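Subject: Structure handover

Hi there,

Here is the structure I promised to pass on to you. Have a look at it first, and then read my notes below.

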Amino acid sequence: MFTRRQALLGAAAATVLAGALPRLASAAPATEAEIAALPRQKVTLVAPPFVHEHEQIATSGPKVVEFTMPIVEKKVVIDDEGTEFQAMTFNGSMPGPMMVVHEGDYVELTLINPETNTMPHNIDFHAATGGLGGGALTLINPGEQVKLRFKATRTGTFVYHCAPEGAMIPWHVVSGMSGTIMILPRDGLKNEKGEALRYDKVFYIGENDFYVPKDEDGNYKTYESHGESYADTVEVMRGLVPTHVVFNGAKGALTGDHAMKSKVGETVLIVHSQANRDTRPHLIGGHGDYVWEEGKFANPPAKDLETWFIRGGSAGAALYTFLQPGVYAYVNHNLIEAVELGATAHFVVDGEWNDDLMKQVEAPGPIPVN
Ligand SMILES: [Cu+2]
């Protein structure tokens with residue numbers, strides 16, 4: 001028999017345990033009435049590398065943050081040679097847009113699969129708990145929409161991706177269906193000593209590996225529809241050698257005229273995701289001042305990194321204050337992937353050159369003869 005004493009002991013044990021657990025995970029579930037009473041905020045998503053406006057430090061209590069994303073199946077060009085690719089996208093961009101909320105907020109997403117699409121899709125949030133990250137509750141056919149709510153209980157940068165079922169999962173992911181959500185601590189980012197860190201700008205870079213089939217002559221093949229491209233594409237995928245490794249959906253999407261802009265003294269947060277494959281971001285001529293390699297803000301950031309490692313299926317975050325002007329290449333430091341396959345972006349940084357940090361003491365010239 002369950003006595004009153006046992007019940008009290010149980011309650012005491014639960015209290016001790018609750019103290020050791022993360023606050024939100026141990027909190028009693030909120031009722032629908034409590035959630036309904038929370039303030040609501042509607043966010044309009046923007047295409048990467050840009051990120052919608054948000055507070056770094058929450059100025060109010062938890063809220064329900066509303067997002068809407070249509071799924072867009074479309075043909076896109078992914079390199080300078082005009083290679084056509086049957087893309088599947090969240091919100092029309094590769095990667096899908098970055099969402100930002102605070103710990104303790106509720107994410108409420110309306111996912112729309114327009115009638116013009118040909119396939120079922122869903123969304124698996126690595127930040128969410130249960131139901132295949134929401135994948136089990138969001139599978140929708142063309143012509144349908146669904147609304148999912150989940151509580152943001154863990155801070156960090158987390159991948160989301162389409163995960164319909166079986167062989168469709170990797171195909172939809174390497175067709176472009178992934179993105180990132182950033183869940184900030186309510187009191188903002190911190191260094192290893194618990195001191196506040198803040199950014200002037202945030203950029204979101206999504207890396208994609210593409211597997212485009214070639215014909216007998218070695219030219220990339222084009223297809224009329226996604227369905228038609230499927231069998232050939234799976235064959236290339238099984239070789240595990242991508243034909244393209246790109247940032248933001250195409251070779252050159254973030255270089256030249258599309259370079260990201262900053263200036264000396266500005267602190268930039270660079271969020272980098274890869275939903276399928278490992279990668280290793282590196283800022284040539286710069287560093288990662290503070291890097292959350294695994295992207296989880298409950299862990300102290302690593303400092304002064306030269307290159308960081310993003311595990312396939314995750315998103316990491318690096319904070320850097322630019323100290324010199326110029327054009328910085330930001331690459332996947334598998335340099336074959338960076339240069340040959342497309343994984344290069346540029347930062348154009350304005351400002352004053354610092355001779356103390358670097359100076360060409362003597363210009364190139366002939367070797368003197370003694
Ligand atoms: Cu999909």
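Let me start with the second largest pocket, whose lining is made up of nine nonpolar, four polar and no charged residues. Please keep in mind throughout that this is a predicted model. The space in this second largest pocket comes to about 240 Å³. Its lining counts 13 residues, and G285, Q324, Y328, W353 and M358 are the closest to the centre. Strand β20, which covers residues 326–332, supplies the largest share of that lining, with three residues.

Next, the nonpolar cores. The largest has 34 residues, and the members that touch the most others are F67, M69, F90, M99, L111, F125 and I181. Strand β2 (residues 64–77) gives this core its largest share, four residues. Apart from this core there is another, of 23 residues, which includes L283, I310, A343 and V349. As background, nonpolar side chains in soluble globular proteins tend to be buried together.

Leaving aside residues up to four places away in sequence, F125 is in contact with M99, L109, G133, L148, F150, V159, Y160 and I181.

Now for the strands. Where does β5 sit, enclosed or open? Strand β5 (residues 106–113) has seven of its eight residues buried, that is, under 20% relative accessible area, so this strand is largely enclosed by the rest of the structure. It has two pairings you can trace:

- β2 and β5 run parallel and are joined by seven bridges, with V64 standing opposite Y106 of β5.
- β5 also pairs with strand β7 (residues 144–151), in the antiparallel sense and over eight bridges. Here Y106 has K151 of β7 as its bridge partner.

One of the pairs to look up is G156 with its bridge partner in β9, I183.

Happy browsing, and do write back with any thoughts!

Best wishes

Note on methods: Residues numbered from 1 in each chain as written. Predicted model: local features only at pLDDT ≥ 70, side-chain atom pairs only at ≥ 80, totals over all residues. Heavy atoms only, no water. Core = buried A, V, L, I, M, F, W, Y, C linked by side-chain atoms within 4.5 Å. Buried < 20%, exposed > 50% of the residue type's maximum accessible area, 1.4 Å probe, protein only. Helix = DSSP H or I, 4+ residues; strand = E, 2+ residues; numbered from the N terminus. Contact = heavy atoms within 4.5 Å. 1 Å grid on protein atoms, 1.4 Å probe; cavity = no way out; pocket = protein on both sides within 12 Å on 5 of 7 lines; lining within 4 Å. Points joined across faces, edges and corners; volume = space filled by probe spheres on them. Nonpolar A, V, L, I, M, F, W, Y, C, P; charged D, E, K, R; others polar. Pairing = 2+ DSSP bridges.
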